[in-house]
Amino acid sequence: MKIFLAGATGAVGQALVPLLTSHGHTVTGTTRSESKVELLRSLGAEPVVVDGLDRDGIRAAVAAARPDAIVHQMTALGGDLDLRRFERSFAATNRLRTEGTDHLLAAAREAGVVRLVAQSFAAWPYARVAGPVKSEDDPLDDDPPKQARTTLEAIKRLEAAVTGAGGIALRYGGFYGPGTGLAPGGDQWEAIRARKFPLVGDGGGVFSFAHIEDVASATLAALELGAPGRIYNICDDDPAPARVWLPAVAATIGAPPPRHIPRWVGRLIGAHVVTMMCEIRGASNERAKRELGWEPKWPTWREGIAAMARPGEAAMR
């Protein structure tokens, strides 16, 4: 296929472009920055400089590329996440999830493209009721904390627009691996090393993770085999509460155990912090395995983190 990859220079895009080309697809990849044109060429994509919020620019770029499929990986999460200002940190990304999605769908209609795959999120949006692990058929949270409301609204709008147009939404778990915040040198990794990533309350919030290599391979599988209008959770086999994964990651990367703070102190940072550390639910990847024939290369975050902490292990896989 000829694939138009919107947001090709992020962590997902940089893992995805070489994988797509190795499977015989050709890729036109977008970037907002002239400085990243050569990066895209080195990865194997034909670069296009365009802002995802530029409606006419996106329409022209898609028309010129004449793709068979469009992949939406546009975000604006290059910097450190400010937990105290969670809503502000995601504001630009939420515009890309709403306005940017609308522009891509309009361009797809004009170009006659019927296959669209878009990035969504599984790491915290599910309703905080009943069991600890959720499937795609379970409801999303209808009463998120204030700081997370606009982000969840943007996610819901993206999914409704994409699946309503016959596209596929991929609910990725929390990213880790090269190019993400949870990798050596990344903000989350270094915060854990410096004991600046505390465990809040009982640490009962269940996290689902996805290695960036598995994100890329699942996206390829969805492009080639995904059913129109479908949603898939893309995460590993090991959803884990914060009280399990955070101390384990710290130990694996040679950091001291995380500090522990009570819920009431966490609320001083924000109710959303307490919600995510104590209440969120994980995600099941069974549908993606069953329908896409996909299996994660890194079935558990324990293996993936250990391989990054000891690079020789990754080279052996």
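A residue is termed buried under 20% relative accessible area, exposed over 50%, and partly exposed in between (1.4 Å probe, protein chains only). By this criterion Cys235 is buried, at 1% relative accessibility. Cys278 is buried too, at 9%. A disulfide is a covalent bond between the sulfur atoms of two cysteines. The search of the whole structure returned zero disulfides, the criterion being a pair of cysteine sulfur atoms within 2.5 Å.

The model is predicted: local features need pLDDT of at least 70, side-chain atom pairs count only at pLDDT 80 or more, and totals for chains, interfaces and linings use all residues. Residues are numbered from 1 along each chain as its sequence is written, and side-chain values use heavy atoms, with hydrogens and water left out.

Seven strands form an open sheet with parallel pairing, in the order β3-β2-β1-β4-β5-β7-β12. Helices (H or I, at least four residues) and strands (E, at least two) are DSSP runs, numbered from the N terminus. Pairing requires at least two DSSP bridges between two strands. β3 (46-49) and β12 (231-234) each have a single partner strand, so one side of each edge strand lacks a neighbour in the sheet. Neighbouring strands are turned by 20° against each other on average, direction ignored. Axes are lines fitted to C-alpha atoms, for helices over the stretch in contact; angles run from 0 to 180 degrees between N-to-C directions.

Strands β1 (residues 2-6) and β2 (residues 26-31) run parallel, joined by four bridges. Within this pair, Ile3 stands opposite Val27 of β2. Helix α1 (residues 11-22) packs on the sheet, touching β1, β2, β4 (69-72) and β5 (115-121). Contact means heavy atoms within 4.5 Å. The direction of α1 makes about 175° with that of β1. Helix α6 (residues 146-164) also packs on the sheet, touching β4, β5, β7 (168-172) and β12. Its direction makes about 160° with that of β5.
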